[in-house]
Amino acid sequence: MLIGGIWFLLGGYLMCIAVINIGKKLELNPFKPFTHIARARKVGLSIFPYLTSLSTLIGALLYGIGLVTDLVPELSASVTFIASDIPFLIGGFFFLLAFISEAIEADVLRHPVANLATGGLLANGVGSVLFFLAGFFNICSFVVTGYMLWGVGSIGYVLTAVIDLLMWQDEQFGLLFSSQLTALGLAMKDHAGDKPDRFSLMSIVMVVVHCIISVTAVAVFFCEVAAVSLAGSDTLTVATRAFYPLFICIFVHMVLAARVVMTRYPEEQPWRSLYMAMDVLALFGSANLFVRLLTAIEFSR
């Protein structure tokens, strides 16, 4: 969960960077609300994209505090309450606030439309509401219920990410919060006669598959480290066993980075074959990962 929280934190930060840098030089500090809101109004942007991205970032930061705290063993109940339960609850509230800001930005209450964008908003709303409720139930000592809500809420966020990829166009994510960003960003570039650059259905499937492989690689990495450490193995054995899943994780993220640059398979050879070979290599490399994961699960029993 901590690894996922790190990526969510990075995503929230990049959302802020996208909002505060529209039509200007690179700005890296999103925590200047008055400056950024004034800038948004100057370029004709409402405040809600900034509120959505900033709320997501703050929520991810608070969740990160709680997740790191949970890794520390034998903490007192009071410390766990302050450093874990409270951040989860407040972090969930900021996720909920981000969803509300996004819904206002999309104007779905006054003008509801049955399309992908609305579906993505609803999936995001499910994730946000359930994460907030999970924090509430967790603080009320209904831990199992909280874990169930986090699990279902995570599925909502996954569906949101898939729908965002379906709406990706010209290097702009399909997030509703950035609808104005897309219009302003494209207006500042000359796209006359260009064909919109979108992900194909196969590309979206491969992105989801690569994400699953990456998550599996991280899980196997920690399982391998824990298993060989408990067995009393030497440092070289630990490093050797942990290197493979770490390598696959890095390789898959390089493939995902290539997907951002080129959303479809190239038409020209040999680039098309090389591009497809990357996907095939990642799939073959993942086969060993799943075997190792099953072995680790069996070992834990």
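In this predicted model, ring pairs join Phe8, Tyr63, Phe88, Phe95, Phe131, Tyr147, Trp150 and Tyr157 into a cluster. The structure as a whole holds 17 aromatic pairs. One of them is formed by tyrosine 63 and phenylalanine 88, whose ring centres lie 4.9 Å apart with 45 degrees between the planes, a tilted arrangement. This pair connects distant parts of the chain, since tyrosine 63 belongs to helix H3 (residues 48–70) and phenylalanine 88 to helix H4 (residues 77–106), 25 residues apart. Tyrosine 63 has a relative accessible area of 5% and is therefore buried, the cut-off for that class being under 20%. Phenylalanine 88, at 2% relative accessibility, is likewise classed as buried.

A second ring pair has another geometry. The rings of phenylalanine 247 and phenylalanine 251 have centres 6.4 Å apart and planes at 20 degrees, so this pair is stacked; the stacked class requires planes under 30 degrees apart. Both residues lie in helix H9 (residues 235–261), and because they are four residues apart, about one helical turn separates them. An α-helix has 3.6 residues a turn, so residues three or four places apart point the same way. Phenylalanine 247 is partly exposed, with a relative accessible area of 42%, whereas phenylalanine 251 is buried at 17%.

**Helix packing**

The helices that carry tyrosine 63 and phenylalanine 88 also pack against each other, as H3 with H4.

| Helix pair | Angle between axes | Distance between axes | Crossing |
|---|---|---|---|
| H3 and H4 | about 160 degrees | 7 Å | left-handed |
| H4 and H5 | about 155 degrees | 8 Å | left-handed |
| H5 and H6 | about 160 degrees | 7 Å | left-handed |

Angles over 145 degrees count as roughly antiparallel. With axes at about 160 degrees, H3 and H4 are therefore roughly antiparallel to each other. The contact of H3 with H4 comprises 18 nonpolar, ten polar and three charged residues.

H4 and H5 pack at about 155 degrees, which makes H4 roughly antiparallel to H5. By class, the residues in the contact of H4 with H5 are 16 nonpolar, six polar and two charged.

Helix H5 (residues 116–139) packs in turn with helix H6 (residues 143–166) at an angle of about 160 degrees, so H5 is roughly antiparallel to H6. The contact of H5 with H6 has 15 nonpolar and 13 polar residues, and no charged ones.

At 1.5 Å a residue, its 24 residues should span 34 Å, and the end C-alpha atoms of H5 are 35 Å apart, which agrees.

**Backbone and loop residues**

Most residues other than glycine have a negative phi. Glutamate 74 sits in the loop between H3 and H4. Its relative accessibility is 82%, so glutamate 74 counts as exposed, a class that begins over 50%.

Conventions: Residues are numbered from 1 along each chain as its sequence is written. This is a predicted model: local features need pLDDT of at least 70, side-chain atom pairs count only at pLDDT 80 or more; totals for chains, interfaces and linings use all residues. Side-chain values use heavy atoms; hydrogens and water are left out. Axes are lines fitted to C-alpha atoms, for helices over the stretch in contact, and angles run from 0 to 180 degrees between N-to-C directions. Helices (H or I, at least four residues) and strands (E, at least two) are DSSP runs, numbered from the N terminus. Angles under 35 degrees count as roughly parallel, over 145 as roughly antiparallel, 65 to 115 as roughly perpendicular and the rest as oblique. A crossing is left-handed if the near helix is turned anticlockwise from the far one by less than a right angle, and right-handed if clockwise. Ala, Val, Leu, Ile, Met, Phe, Trp, Tyr, Cys and Pro count as nonpolar, Asp, Glu, Lys and Arg as charged, and the others, Gly among them, as polar. The expected span of a helix is 1.5 Å times one less than its number of residues. Rings of Phe, Tyr and Trp (its six-membered ring) pair if their centres lie within 6.5 Å; planes under 30 degrees apart count as stacked, over 60 as edge-to-face and the rest as tilted. Buried means under 20% relative accessible area, exposed over 50%, partly exposed in between (1.4 Å probe, protein chains only).
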